[in-house]
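Visitor: Can you walk me through this model? I'd like to keep it quick.

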Amino acid sequence: MAAPAKGATLDGNVAKAERFGARFGRDGVQHFIDGASRASVSGKTFGTDTPIDGRELAQVAAGDAQDIAAAAAAAQRAFPAWRDLPGEQRRGLLHEIADAIEARAEEIALLESLDTGQPIRFMSAAAKRGAENFRFFADKAPEAGHGLSLPAREHVNYTVRQPLGPIAAITPWNTPFMLSTWKIAPALASGCTVVHKPAEWSPISATLLAEICFGAGLPAGVLNCVHGYGETAGKAVTEHPAIRAVAFVGESSTGTAIMKQAAPTLKRLHFELGGKNPVVVFADADLDRALDAVVFMIYSLNGERCTSSSRLLVQRSIEKEFTEALVARVRKIKVGNPLDPATEVGPLIHAAHVEKVLGYFDVARQEKVAIPVGGAQAAVGGNYVQPTVFAGAQNSMRVAQEEIFGPVLTVIPFDDEAQALTLANDVRYGLAGYLWTSDVGRAHRFARSLEAGMVWVNSENNRHLPSPFGGMKASGIGRDGGDYSFDFYMDTKNICVAHGTHKVPSLGR
């Protein structure tokens with residue numbers, strides 16, 4: 001688990017976070033359209049609160065179709081010049097953005113923690129990972145348009161890739177800064193312009209990102225940010241005819257709604273949706289390392305992560321000892337103020353989300369599932385929830401099938417490899433899977449047959465930027481990462497040139 005920042009203290013972090021956030025409390029969180037901060041056309045706002053104590057941080061501009069139209073128009077105006085800018089120049093600009101992100105790393109981390117409730121021990125890496133995203137795709141910008149040579153006997157075929165145009169990025173509230181850069185950096189590297197609609201529960205870092213990009217030299221209109229609710233600003237951006245594609249991260253049900261809204265304008269869609277990801281632990285695994293990974297992948301980031309291993313499938317012969325060791329570890333997890341460098345689990349994002357997670361504790365009791373640790377709000381109250389284990393569950397139960405998206409792990413025993421695979425695949429989702437075994441043959445067999453877009457063997461979630469990131473089934477459509485991102489943000493065109501030697505068919509001679 002990540003170590004506390006050296007030299008940092010709770011009081012010091014609180015003071016700095018308050019100082020960084022003071023301007024938002026004073027001036028509010030505005031849209032960023034065509035290179036300038038703007039209030040909503042309607043003048044409407046909504047409040048954003050810190051989940052630490054429920055205190056309002058700022059009033060946020062509440063965008064609607066008018067604000068989206070302005071942002072889309074700005075993105076459309078800026079597109080031709082950005083598209084035609086040589087990739088080498090886009091590379092330089094994106095590296096300037098990465099430098100600027102790193103220069104404001106502490107501000108980003110503290111405001112992200114204040115706005116989302118994510119522990120600072122994890123958010124301290126948010127700026128670093130965001131900068132890494134920009135640097136990786138910056139270096140790929142010069143080759144983004146490259147294609148293939150496909151020669152035939154009397155023709156030469158070759159392909160090129162060309163940016164789609166203005167695209168929409170709709171991003172979630174759990175790790176908003178990093179996930180925004182994960183979408184925006186490849187879109188910009190490809191030559192697309194962007195209208196960003198961040199989650200209304202965590203708006204602050206999206207405004208920071210837009211300001212940083214513009215301040216680093218990104219031309220006006222290339223990146224625009226419109227705040228607001230999904231039913232208004234979100235719906236408007238998915239329906240706007242100038243927007244050529246929508247990249248969305250969020251719940252599967254919202255993905256369904258976006259597909260319907262985007263259908264009349266035939267937008268290209270990329271979805272990273274929900275998950276109920278299995279971590280499968282066989283008796284022959286390195287159990288100490290497996291335990292570390294199991295605990296980390298569900299209780300880090302408050303359990304609010306799409307790739308969390310929220311179902312533990314453990315071989316029955318070790319179920320008792322592994323569950324006991326798991327429960328002992330979970331009892332020691334430090335719940336507290338996310339700005340405290342020692343905190344491991346902070347408050348959940350919003351009171352409505354707390355209510356959802358607490359509701360599954362009632363479901364577990366109705367389903368007669370054991371709760372050896374947790375199962376209630378934490379003693380500090382508010383949005384704090386105890387890290388929880390549901391033990392001895394059956395895969396058909398709601399606690400094993402539905403995405404809880406909190407610090408809650410469901411333990412399910414299995415007897416053999418065949419049953420483990422059946423249980424792992426018997427869920428509507430297919431985002432990620434984790435496998436722990438010392439049997440190399442089993443590792444390959446199981447990984448190949450697991451219905452998940454990403455599988456980690458004897459590892460926690462390890463991020464490798466060139467590799468594809470995405471899910472199967474109800475967990476998504478499309479892939480991020482490396483050239484896979486360019487496949488979404490760009491069109492592939494085939495050009496066929498004749499040698500002049502083939503016979504051309506003729507009619508009417």
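Guide: Here is a short tour, taken topic by topic.

Visitor: What should I know before reading the values?

Guide: This is a predicted model, where local features need pLDDT of at least 70, side-chain atom pairs count only at pLDDT 80 or more, and totals for chains, interfaces and linings use all residues. Residues are numbered from 1 along each chain as its sequence is written, and side-chain values use heavy atoms, with hydrogens and water left out.

Visitor: OK, sheets. Which strands make up the seven-strand sheet, and in what order?

Guide: The order is S14-S15-S16-S13-S12-S18-S19, in an open sheet with mixed pairing. Strands are DSSP runs of E, at least two residues; helices are runs of H or I, at least four; both are numbered from the N terminus. Two strands pair if DSSP finds at least two bridges between them.

Visitor: Which strands sit at the edges?

Guide: Strand S14 (370-373) and strand S19 (454-457), each pairing on one side only. From one strand to the next, the twist averages 20 degrees.

Visitor: How do S13 and S16 pair, parallel or antiparallel?

Guide: Parallel, over five bridges, with S13 at residues 311-315 and S16 at 408-414. Leu312 stands opposite Val411 in S16.

Visitor: Which helix lies across S16?

Guide: Helix H11 (residues 287-299), running at about 140 degrees to S16. H11 also lies across S12, S13, S15 and S18. H16 packs on the sheet too, touching S12, S18 and S19, and its direction makes about 165 degrees with that of S18. Axes here are lines fitted to C-alpha atoms, for helices over the stretch in contact, and angles run from 0 to 180 degrees between N-to-C directions.

Visitor: What's the order in the three-strand sheet?

Guide: S5-S6-S22, an open sheet with antiparallel pairing. Its edge strands are S5 (149-151) and S22 (490-498). The twist averages 25 degrees from one strand to the next. S5 and S6 pair over three bridges, and Pro151 stands opposite Val156 in S6.

Visitor: Which helix lies across S6 and S22?

Guide: Helix H17 (residues 482-489), at about 85 degrees to S6.

Visitor: Where is Tyr158?

Guide: In strand S6 (residues 155-163). Tyr158 is partly exposed, at 33% relative accessibility. On that scale, buried means under 20% relative accessible area, exposed over 50%, and partly exposed in between (1.4 Å probe, protein chains only).

Visitor: Switching to charges. How many salt bridges are there?

Guide: The whole structure has 28 salt bridges. Each is a side-chain nitrogen of Lys or Arg within 4 Å of a carboxyl oxygen of Asp or Glu.

Visitor: Which residue meets Glu102?

Guide: Arg135, at 3.0 Å, N to O. Glu102 lies in helix H3 (residues 87-103) and Arg135 in helix H6, so the bridge ties together parts 33 residues apart in sequence. Glu102 is partly exposed at 41%. Arg135 is partly exposed at 22%.

Visitor: And what about Glu417?

Guide: Glu417 and Arg445 form a salt bridge at 2.8 Å, N to O. That pair links distant parts of the chain, with Glu417 in helix H15 (residues 417-425) and Arg445 in helix H16 (residues 440-449), 28 residues apart.

Visitor: How far apart are Glu200 and Lys197 in their bridge?

Guide: The distance is 3.2 Å, N to O. Glu200 is partly exposed at 21%, whereas Lys197 is buried at 4%.

Visitor: Back to H6. Is Asn133 buried or exposed?

Guide: Buried, with a relative accessible area of 0%. Asn133 sits in helix H6 (residues 126-140). Beyond its neighbours within four places in sequence, Asn133 is in contact (heavy atoms within 4.5 Å) with Met178, Thr181, Trp182, Ala185, Arg463 and Leu465.

Visitor: One more. Where is Pro172?

Guide: In the loop between strand S7 (167-170) and helix H7 (176-190). Pro172 is buried at 11%. The C-alpha atoms of Pro172 and Pro198 are separated by 6.5 Å, though the two are 26 residues apart along the chain. Leaving aside neighbours within four places in sequence, Pro172 is in contact with Leu179, Ala199, Ser202 and Val249.
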